Amino acid sequence: MMNNDNKTHSVFSASDIDQLPQRYRAEFINSLSGFKSGNLVGTQDHQGHQNLCIVSSVVHIGAHPPLLGMIMRPHTVQRDTLENIKSTGVFTLNNILPNMTQAAHQTSARYAPGISEFVEVGLTPQPSTAVSAPYVAESTIKLSLQVQDIQLLSINQTELVIGQIVEVILPDQSIDKSGYVDIEGCGSIAVSGLVSYHATQRLARYPYAKVDAPVKNVLQRSHANDT
Ligand SMILES: Cc1cc2nc3c(=O)[nH]c(=O)nc-3n(C[C@H](O)[C@H](O)[C@H](O)COP(=O)(O)O)c2cc1C
């Protein structure tokens with residue numbers, strides 16, 4: 001098919017998507033929702049065995065109380081992270097830096113229960129004083145969360161885990177006077193699909209939008225003032 005940009009385009013119908021091979025479909029559909037945050041979920045079981053896994057489905061649920069959600073795959077095979085989250089009620093979220101992408105990706109391999117992904121991929125556990133789950137020492141943004149709700153989504157048997165942030169650790173200089181956290185300055189990478197990792201480049205920064213005030217790019221204006 002030809003679009004306005006003179007490039008040929010593929011069109012996938014619902015039944016085309018349904019007939020795609022399983023892994024291809026997972027990668028295809030996962031890519032479509034755009035760039036997502038890369039997070040390492042730190043958990044441990046009641047015996048103190050630590051677990052680490054990458055997730056890209058973390059979303060903002062609300063700021064007051066401070067809630068984050070993440071979608072966990074169906075619990076049809078052994079899921080150490082989900083098991084630990086359900087039994088201890090806590091977990092940590094840790095950002096991924098450019099020099100951690102290979103290790104972070106490797107945490108998605110199916111290691112046997114009791115095997116620590118920290119050891120296997122070469123990342124360092126750091127105790128949280130807020131919850132009984134490990135942070136990743138190499139990360140620059142570390143969050144401790146207490147589970148508030150877990151919703152089984154009947155549409156596909158995935159589970160929405162909702163956690164309340166009970167501790168935040170990040171560099172002082174990364175927070176500005178409005179509360180904005182410069183995640184790019186903290187080195188956080190972005191994820192697309194299930195295999196691709198990206199550095200980011202901020203294009204603009206706007207103040208809170210108001211109907212009667214024209215929008216101004218604060219980032220460009222401050223650059224202009226520098227010259
Ligand atoms: C880039 C990337 C993103 C992922 N995002 C998620 C996710 O959002 N939810 C999920 O359940 N699994 C996700 N996974 C798969 C888990 O990392 C994988 O199933 C892991 O083995 C689970 O660890 P566990 O067996 O210790 O529970 C992702 C994998 C990759 C490579």
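**Exercise 1.** Identify the elements that each supply at least two residues of the shell around the ligand, and describe the make-up of that shell.

*Solution.* The structure is a predicted model.
Step 1: At least two shell residues each are supplied by strand E3 (50–55), strand E5 (66–72) and helix H3 (80–88).
Step 2: E3 gives the largest share, four residues.
Step 3: Of the 19 residues around the ligand, those that come nearest are Cys53, Val55, Ser57, Thr81 and Ser108.
Step 4: Sorted by class, the shell holds nine nonpolar, six polar and four charged residues.

**Exercise 2.** Determine which residues of H3 are buried and what covers them.

*Solution.* Step 1: A residue counts as buried if 20 or more other C-beta atoms lie within 10 Å of its own. In H3, the buried residues are Asp80, Thr81, Leu82, Asn84 and Ile85.
Step 1: The cover over these buried residues includes strands E2 (39–44), E3, E5, E6 (90–95), E9 (142–152) and E10 (159–169).
Step 2: Just after H3, glycine 89 adopts a positive phi of about 75°.

**Exercise 3.** Describe the open sheet of three strands, and explain why one side of E1 and of E12 is left without a neighbour in the sheet.

*Solution.* Step 1: The strand order is E1-E11-E12, with antiparallel pairing.
Step 1: Strand E1 (36–37) and strand E12 (196–198) stand at the edges with a single partner strand each, so one side of each has no neighbour in the sheet.
Step 2: E11 (residues 190–192) pairs with E12 in the antiparallel sense over three bridges. Serine 192 lies opposite serine 196 in E12.

Terms used: Residues numbered from 1 in each chain as written. Predicted model: local features only at pLDDT ≥ 70, side-chain atom pairs only at ≥ 80, totals over all residues. Near = placed C-beta within 6 Å. Nonpolar A, V, L, I, M, F, W, Y, C, P; charged D, E, K, R; others polar. Buried ≥ 20, exposed ≤ 12 C-beta atoms within 10 Å, placed from the backbone. Contact = placed C-beta atoms within 7 Å. Pairing = 2+ DSSP bridges.
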